[in-house]
Amino acid sequence: MSHEFEVPERIDPDLNASEMDTLMGFLRYQRATVLRKVEGLTVTQWRARPTVSALSLAGIVKHLAFVEESWILEDFLAQPLPEPWACVDWEADRDWELHSALRDDPRWLVQRYQQTWRTVEEVIEAASPGDLSAHELTVGGIRRRVSLRWILLHLIEETARHNGHADIIREAIDGSTGE
């Protein structure tokens, strides 16, 4: 049985948008692509690891939710991460989100990922133009100068890279290819 959910429309970023709108347009496009990659699959297919990699589509979706919240909440806002991330012993399993996703319901994974989008979008909407420029953040326990621009570009890069992984996994599962 496949787990259906609504896949947001992929909209090409406006060619003449502001910098922030352009960055968010590319991130939204990549997020929608992720959900296209997992659309129509069974639970078994979500959890499949058909390549030599330990990656699954479930793991990719959960990982991307974690990455966005980590960079935006923990690093940019210096806030503690919410559950399910807050109680994880990252020392014991630094890839917990990839491993634990194999036990998660696909509908929950999609809901959690979309909840992350809303959280990130709220932070971005509240950000000032000056936040695009570098300011002091604690990243990986080290105080550094990082800009919101860099964080958003990193999230776009991370999501696009994992879309490539999802392409390969999906094709190995059922032969489906595409953008």
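In this predicted model, the count of aromatic ring pairs comes to six.

| Ring pair | Distance between centres | Angle between planes | Arrangement |
|---|---|---|---|
| W71 and W150 | 5.2 Å | 55 degrees | tilted |
| W90 and W96 | 5.9 Å | 85 degrees | edge-to-face |

Because W71 belongs to helix α3 and W150 to helix α6, their pairing ties together parts that lie 79 residues apart in sequence. As for accessibility, W71 has a relative accessible area of 14% and is therefore buried, whereas W150, at 43% relative accessibility, counts as partly exposed.

The two helices that carry this pair also pack against each other: α3 covers residues 57-76 and α6 covers residues 148-174, and their axes, 9 Å apart, meet at an angle of about 175 degrees, which means that α3 runs roughly antiparallel to α6. On the α3 side the contact includes L57, I60, L64, V67 and W71, while among the α6 residues that they and their neighbours meet are L148, W150, I151, L155 and I169. Taken by residue class, the contact of α3 with α6 divides into 14 nonpolar, five polar and two charged residues; H63 in α3 and H154 in α6 are among the residues that take part.

Key
Residues are numbered from 1 along each chain as its sequence is written. This is a predicted model: local features need pLDDT of at least 70, side-chain atom pairs count only at pLDDT 80 or more; totals for chains, interfaces and linings use all residues. Side-chain values use heavy atoms; hydrogens and water are left out. Axes are lines fitted to C-alpha atoms, for helices over the stretch in contact, and angles run from 0 to 180 degrees between N-to-C directions. Helices (H or I, at least four residues) and strands (E, at least two) are DSSP runs, numbered from the N terminus. Angles under 35 degrees count as roughly parallel, over 145 as roughly antiparallel, 65 to 115 as roughly perpendicular and the rest as oblique. Contact means heavy atoms within 4.5 Å. Ala, Val, Leu, Ile, Met, Phe, Trp, Tyr, Cys and Pro count as nonpolar, Asp, Glu, Lys and Arg as charged, and the others, Gly among them, as polar. Rings of Phe, Tyr and Trp (its six-membered ring) pair if their centres lie within 6.5 Å; planes under 30 degrees apart count as stacked, over 60 as edge-to-face and the rest as tilted. Buried means under 20% relative accessible area, exposed over 50%, partly exposed in between (1.4 Å probe, protein chains only).
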